[in-house]
Amino acid sequence: MNSIGEECTNLKRNYEDCFNKWFSEKFLKGNNEDDCAPLFKVYQTCVKKAIKEKNLDLDCMEKDVLGTEFEKPPPPVSK
Amino acid sequence: MVKYYTSTALFKYTWDQVAIALWQRYPNPYSKHVLSEDVVHREVINGKLYTKRLLTKTNPMPRWGEHFVRGPRHICVVEESIVDPKNKSLTTYTRNIGMQKLLTIIEKCDYIQNPENLRTTQCNRWAWFQSSFYGFRRALQAFGVERYKSNVTKNVKGFNTTLEQLFMTDIPQQTKTKQKLTEKAKHAVDLAKSKTQPLLTSSSQLP
């Protein structure tokens, strides 16, 4: 899948190849050691720049909601 | 007033397989409306993986709305997720950014092992729809619910396509093995027939 920044797509694919391997072979088996940090850093630098250039609402994007008080409660169960 | 929608889907794959496929489900034949996908934050805290993804999607407006609202052709969606491999739980929380006053859609999905069959995975989904656009609130919310239901169907089909591609690679080998066994059995029967033919010929009353 393409990145929001065309120039970041290859960096994204390199990172994803590493992540998918780490996730299935290590993380799911209880090993948290991060193998992909350098690839992630390079990819993130590119993506953050691309997002800024698109003038997206960064504050809204960066806000954490899941697991916080801002998370919506489950809808009421209809009787 | 807020509209809600809830649904449950069952994936005939283990929780681990569903968790692996979550990161690889785009693109798929049912995701033409998803234009880009990026991880914007990721870290492991106390053995759980916290991720934030940014997706851009096409933004079809209802025809009647196009006259009144000039919305962007694309919308941005943020998906937060927590993967807990120890408890086999995976939660995603998705919301649109930009255009929230027009229509806010929030979706939460819990992927857990199906309690009735631990080799399959249940996805419990909740969605909230809210618009504060004066004069069109109910129509926009109704439009949002209908479009969302259609997207949920595509989402599940697309996810299943990814799961098949990742985990059904055993099937062709199984089919080949079965074919080989069938051929061997047939050969054995033919061989047996050829050896017993004189007896069969003499016993010509066999049906």
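**Sheet and interface of chains A and B**

Let me start with one pair: B:T91 has B:D110 as its bridge partner in β6(B). Before going on, the ground rules. This is a predicted model, where local features need pLDDT of at least 70, side-chain atom pairs count only at pLDDT 80 or more, and totals for chains, interfaces and linings use all residues. Residues are numbered from 1 along each chain as its sequence is written, chains are lettered from A and ligands numbered from 1 in the order in which they are written, and side-chain values use heavy atoms, with hydrogens and water left out.

Back to the strands. β5 (residues 89-97) and β6 (residues 104-114) of chain B run antiparallel, joined by seven bridges. Strands here are DSSP runs of E, at least two residues; helices are runs of H or I, at least four; both are numbered from the N terminus. Two strands pair if DSSP finds at least two bridges between them.

Now the whole sheet. It is open, in chain B, with seven strands in the order β1-β7-β6-β5-β4-β3-β2 and antiparallel pairing. Which strands stand at the edges? They are β1 (3-11) and β2 (34-45) of chain B; each has a single partner strand, so one side of each is left without a neighbour in the sheet. From one strand to the next, the twist averages 15 degrees.

Helices next. Helix α2 (residues 37-53) of chain A packs on this sheet, touching β2 and β3 (48-58) of chain B, and its direction makes about 130 degrees with that of β2(B). Contact means heavy atoms within 4.5 Å. Axes are lines fitted to C-alpha atoms, for helices over the stretch in contact, and angles run from 0 to 180 degrees between N-to-C directions. Helix α3 (residues 137-167) of chain B also packs on the sheet. That helix of chain B touches β1, β6 and β7 (117-130), at about 15 degrees to β1(B).

On to the interface. 37 residues of chain A are in contact with 43 of chain B. The buried area is about 3300 Å², with 67% from carbon and sulfur atoms. That is accessible area (1.4 Å probe) lost on putting the two parts together, summed over both. In chain A, A:M1, A:L66 and A:K72 lose the most, together 22% of what that side buries.

Last, charges. The rule finds three salt bridges across the interface. The side chains of B:E37 and A:K12 form a salt bridge at 3.4 Å, N to O. The cut-off: a Lys or Arg side-chain nitrogen within 4 Å of an Asp or Glu carboxyl oxygen.
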